[in-house]
Amino acid sequence: MFAKFKPTIVLTSICIIVALLLGCVNIITAPAIAKQEERKAKAALYSAYNSGNDVEFTKLAAEELVEYSIPAEIKEVHSASAGGYVFIGVTGSYGGDIKIAVGVNADGEITGVKVVSNTDTANKIQSVLNAIEGNKGKYNGQNKDNLSPVIIAGSTVSSEACALIVDAALRAFSSLKGEDARTDDEVFADNLNIVLDVEGKKFTKWFATAIITGIDAIYTTSATADGIVMVIGDKLIGVKADGSITDTVSKLDKKAEKVATTAEDIAAVEAAYTIFQTAATTEIALPDGAKATVKKAYVTAGGTYVFEMETTGSYADEGEYSHGSGKIQFTVSIGADGKIIDIITTKHGESKNYGANCATEAFYESFRGATREQILDLDISDIIPNEDNGYETDNLPSSIQGPGIIANATFTTVYYHNAVLDAFDAFLKLTEKI
Amino acid sequence: MNKSKLSIFLRGIIAENPVLILVLGTCPAIAVSTSIVSAISMGLAATVVLLGSNVVISLLRKIIPDTVRIPCYIVVIAAFVTLVEMLLHAFVEPIYNLLGIWLPLIVVNCIVLGRAEMFARKNNPLDSALDGLGMGIGFLVALLSMAIFREILGEGTILKGLESFNVQPINLLFKIAEDGTMVYDFRIPILAKAPGGFLVFGILIAVMNKITAKKGGVKRKSFSCDGCPSAHLCTKTSCSEITELATDAEESSTENKEVDENA
């Protein structure tokens, strides 16, 4: 009996004894290692603040970070006795999280940047470190007014991660100084809530604003009870659920001061609201033979068809540096005349400066009014994105111009176009034209 | 220490050098031999692991059943590697950082498991300790030999890796002026890269073969099929291969000694 279990007993015993011995060694070495980590962290502070050891740092408590609305990327703030701060930020980079220390002096200028830890590929991060660390770091001396991101070719993701933390550090500094450090997007998002007297609501742009004249955009939440916000120029005017029109708030006014809405604007909003209400959509069954990219279909009283789409692929899903962020989702409306009324990308994970242009106003504008034939004429549906044509920039021939062409994003362009053609097919089936 | 004990120790340094004769542990050898400091550090770390694991495995050789011997050896080896890693991290952090991933990879170094399997499990603890020490020093000697060439000729420096101890490397083959321009540069950069590592490795193997050939070649011993991973495929009953040259040289050497003594 013992012989049968001897191997198991011996192996288990050896493992237990080894674990106990290593545990004992750990008790001896753990304090020394902890001291070293503390020393390294301090060294990072001095390196980022670019000072001698005569400066002392005091770490701000977590509650203070909340009180001063410090950006979420900033995990630690150390106040320097000589004035200024060192901000420790963490964000995702190429190989995982990257931790960066940014020193800012009392005048709001960056004194230094130090990458504390990272898991990026060594040769990729090294070129970024060479550019931003040390006395000659490219961020040194910059402030929030003249901040210029340092992007190193071949290490774009690592560079952008560092730029994000540097920007967050400067915004955190502004917050600590009592200034409004919100980005324009954050101010806009807050003002959408303020104009409707709601809080913490997420607004999305209504996809079919183009069917309404006189209004630049309409923003809605997921709850109709919140109301909607109309944008005329840089003015935000709300319409509550009961139809009442609110005061006006300027789009990017950090103080969000409300002023009385002019009669002219009230008239424009009322007219737009009437059309908005009649543009309410009813979900309908997908036609037989609808492609897999067509997820949902709606129709309005005016005969406009609205399709919620998801592409069959994307650069984020398949490209050389794919990170599995999924396919592109968008909503497209096609009028009774067979032309695209509006289009809006609701979700994507494409690369910044490349495929991410599929979520810009210029991209949407290029599609507005386009017909199925115009898109077919581009003749790009047969291009299959692959490692030969999809990984490098400007793979689409520059002679191809037209709706939704993103010059340096073959994957995004082709998948998007194929999905738009599928929407047209569904439209034709629903209107019994095929 | 009698001759047989001494020969066990010395064997691992020249005649059966693990890197240059047995061609084991090649990966860390080429990766770590870009600087003399890292070569010595790696050699010493591997020696400690070899010594410790050989002794423990030899002590436990009659207890560990054959069916689980490899997992047991791995656990013991990993324990020593972890021990070395923790101690270096706590007390000599610059060396810990210098060795990086290669330190924990000592666990899968063929030399360590190979000596445990081929020697420690069949011999007493003292002999196993001598074997571990000899193999470890042989590993260090091989790494150091490569590093001397690669750092001096490839990087053009000496003592690279001691910056954390406030010891700056000495530039031997290049000089940079104060304004940043290169005054002279006689480095052979490829030697600092992987292809150069293989080149130096090959040259040292050739030199070692020449040295050992003068002494009659490497005596190959026969060993049983136990533990051979190819045993189930092989049609031979044993794997012995004794070179006639080695045998003749040994007999001739023994006869000469007898003649001298008689004279």
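This is a predicted model: local features need pLDDT of at least 70, side-chain atom pairs count only at pLDDT 80 or more; totals for chains, interfaces and linings use all residues.
View 1. The partner here is strand 4 (residues 97-104) of chain A, which pairs with strand 5 in the antiparallel sense over six bridges.

**View 2. Five strands of chain A form an open sheet.** Follow the strands across and you will read the order 1-2-3-4-5, with antiparallel pairing. Strand 1 (57-59) and strand 5 (110-117) of chain A stand at the edges with a single partner strand each, so one side of each has no neighbour in the sheet. From one strand to the next, the twist averages 25°.

**View 3. Two helices lie across the five-stranded sheet.** Helix 1 (residues 2-49) of chain A lies across strand 1, strand 2 (74-80), strand 3 (85-92), strand 4 and strand 5 of chain A. Its direction is at about 150° to strand 5 of chain A. Now look for helix 4 (residues 156-176) of chain A, which lies across strand 2, strand 3, strand 4 and strand 5 and runs at about 140° to strand 3 of chain A.

**View 4. Six strands of chain A make another open sheet.** This time the order is 6-7-8-9-10-11, again with antiparallel pairing. Which strands stand at the edges? They are strand 6 (204-205) and strand 11 (258-259) of chain A, and each has a single partner strand, so one side of each is left without a neighbour in the sheet. Strand 10 (residues 245-250) and strand 11 of chain A run antiparallel and are joined by two bridges. Within this part of the sheet, A:Val249 stands opposite A:Lys258 of strand 11.

**View 5. Helix 5 of chain A lies across strands of the six-stranded sheet.** Helix 5 (residues 184-195) lies across strand 7 (217-220), strand 8 (228-232), strand 9 (235-239), strand 10 and strand 11 of chain A. Compare directions, and you will find the helix running at about 40° to strand 9 of chain A.

**View 6. Chain A meets chain B.** Here 17 residues of chain A are in contact with 19 residues of chain B. The area buried between the two chains is about 1,500 Å², with 78% given by carbon and sulfur atoms. On the chain A side, A:Ile14, A:Leu22 and A:Gln36 lose the most area to chain B, together 30% of what that side buries.

**View 7. A:Lys40 forms a salt bridge with B:Glu93.** The closest N and O atoms of A:Lys40 and B:Glu93 are 3.4 Å apart. How many salt bridges are counted between chain A and chain B? The count is one.

How values were computed. Residues are numbered from 1 along each chain as its sequence is written. Chains are lettered from A and ligands numbered from 1 in the order in which they are written. Side-chain values use heavy atoms; hydrogens and water are left out. Contact means heavy atoms within 4.5 Å. Buried area is the accessible area (1.4 Å probe) that two parts lose on being put together, summed over both. A salt bridge is a side-chain nitrogen of Lys or Arg within 4 Å of a carboxyl oxygen of Asp or Glu. Two strands pair if DSSP finds at least two bridges between them. Helices (H or I, at least four residues) and strands (E, at least two) are DSSP runs, numbered from the N terminus. Axes are lines fitted to C-alpha atoms, for helices over the stretch in contact, and angles run from 0 to 180 degrees between N-to-C directions.
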